[in-house]
Amino acid sequence: EGLHQFLGRATIDPLPHWVEEGLAVLAEGFRIDGGLVTFEPSDNAMRVNTLRNALLGGRWRSAGRLAAMTSMQNLDESPFNGGDYYAQVWAMLLLIRSDASYTAGLRRMCRDAADGTLADALGLAPLEYRRLQRDGAVYAAEIGPRAFRHYIDSDLDRFERRYIAFA
């Protein structure tokens, strides 16, 4: 939750929901050794188990669907499996961090959000961008997939194949 607060202060433009939630879930993985905390994003047993259950239980959401939704929409769709969304964006961000070209795109997106140039990068007029920000679900649906295609991979089908294999 602290990462959400940090991002709210460190960025002029909000990050797409899937990015912010994915980064926050990456921060859950850590270990403590002799009072020293080391963040280990891939070391998150709760998310691994939830991800496995989503895959095997037929609750897999494509990367394109995740990019277009909020965590609250996940609860509306699947109230008994609320952790699915977080486990899947966790896996998506782990994959993005494992590929140098994806990581470079993620870094550019974060810089653009911090600098307040995300709307420009996505080809949106400032007034249109501000209108989209008024409703979280609308922002997720419009900005999430657009940012994904612009910064991460323009071919969602190609990414989806890699994503499923990675998960």
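## A walk through the predicted model

Set aside the neighbours within four places in sequence, and His4 is in contact with Glu20, Glu21 and Ala24. That is where this tour begins. His4 sits in helix H1, which covers residues 2-10. The model is predicted, and each value below is computed from it.

One of those contacts can be described in more detail. The side chains of His4 and Glu20 are joined by a polar contact of 2.6 Å. Is His4 buried or exposed? His4 has a relative accessible area of 17%. The cut-off for buried is under 20%, so His4 counts as buried.

Helix H2 spans residues 17-26. H2 is mostly covered, with nine of its ten residues buried. Glu20, Glu21 and Ala24 are among the buried residues of H2. Trp18, Val19, Gly22, Leu23, Val25 and Leu26 are buried there too.

How far can the coordinates be trusted? The protein chain has an average pLDDT of 90. A score of at least 70 is reached by 95% of the residues. Confidence is highest in helix H7, residues 100-115, with a mean of 97. It is lowest in helix H5, residues 71-77, with a mean of 71. Where pLDDT is low, the predicted coordinates should not be read in detail.

Now to the charged pairs. Side chains of opposite charge can pair when their charged atoms come close. How many salt bridges are there? The count comes to seven. Three of them are followed here.

Take Arg47 and Glu28. They form a salt bridge, and their closest N and O atoms are 2.7 Å apart. Arg47 belongs to helix H3, residues 45-56, while Glu28 lies in the loop between H2 and strand S1. The two are 19 residues apart in sequence, so the pair ties together separate parts of the chain. The partners differ in cover. Arg47 is buried, because its relative accessible area is 9%. Glu28 is partly exposed, at 31%.

Glu40 and Arg31 make another salt bridge, with 2.9 Å between the closest N and O atoms. Glu40 has a relative accessible area of 23%, so it counts as partly exposed. Arg31 is partly exposed as well, at 43% relative accessibility.

The next pair is Arg59 and Asp84. The closest N and O atoms of this salt bridge are 2.6 Å apart. Which parts of the chain does the pair link? Arg59 is in the loop between H3 and helix H4 (63-67), and Asp84 is in helix H6, residues 83-98. These are distant parts of the chain, with the two residues 25 apart. Arg59 is partly exposed, at 24% relative accessibility. Asp84 is buried, because its relative accessible area is 2%.

Which residues make the nonpolar surface patch? Phe30, Ile32, Val37 and Phe39 make it, over about 410 Å². Strand S1 (30-33) and strand S2 (36-39) are the elements that give two or more residues to this patch. Phe30 is in strand S1. Its relative accessibility is 41%, so Phe30 counts as partly exposed. A residue needs over 30% relative accessible area to be part of a patch, and Phe30, at 41%, passes that cut-off.

Methods. Residues are numbered from 1 along each chain as its sequence is written. This is a predicted model: local features need pLDDT of at least 70, side-chain atom pairs count only at pLDDT 80 or more; totals for chains, interfaces and linings use all residues. Side-chain values use heavy atoms; hydrogens and water are left out. pLDDT is the predictor's confidence in each residue, from 0 to 100. Helices (H or I, at least four residues) and strands (E, at least two) are DSSP runs, numbered from the N terminus. Patches are made of residues with over 30% relative accessible area and no salt bridge: like charges are joined within 9 Å, nonpolar side chains (Val, Leu, Ile, Met, Phe, Trp, Tyr) within 5 Å. Accessible areas come from the Shrake-Rupley method with a 1.4 Å probe; for residues, only the protein chains shown count as cover. A salt bridge is a side-chain nitrogen of Lys or Arg within 4 Å of a carboxyl oxygen of Asp or Glu. Buried means under 20% relative accessible area, exposed over 50%, partly exposed in between (1.4 Å probe, protein chains only). A polar contact is a pair of N or O atoms within 3.5 Å; within protein, one must be able to donate a hydrogen and the other to accept it, and residues adjacent in sequence count only if both atoms are side-chain atoms. Contact means heavy atoms within 4.5 Å.
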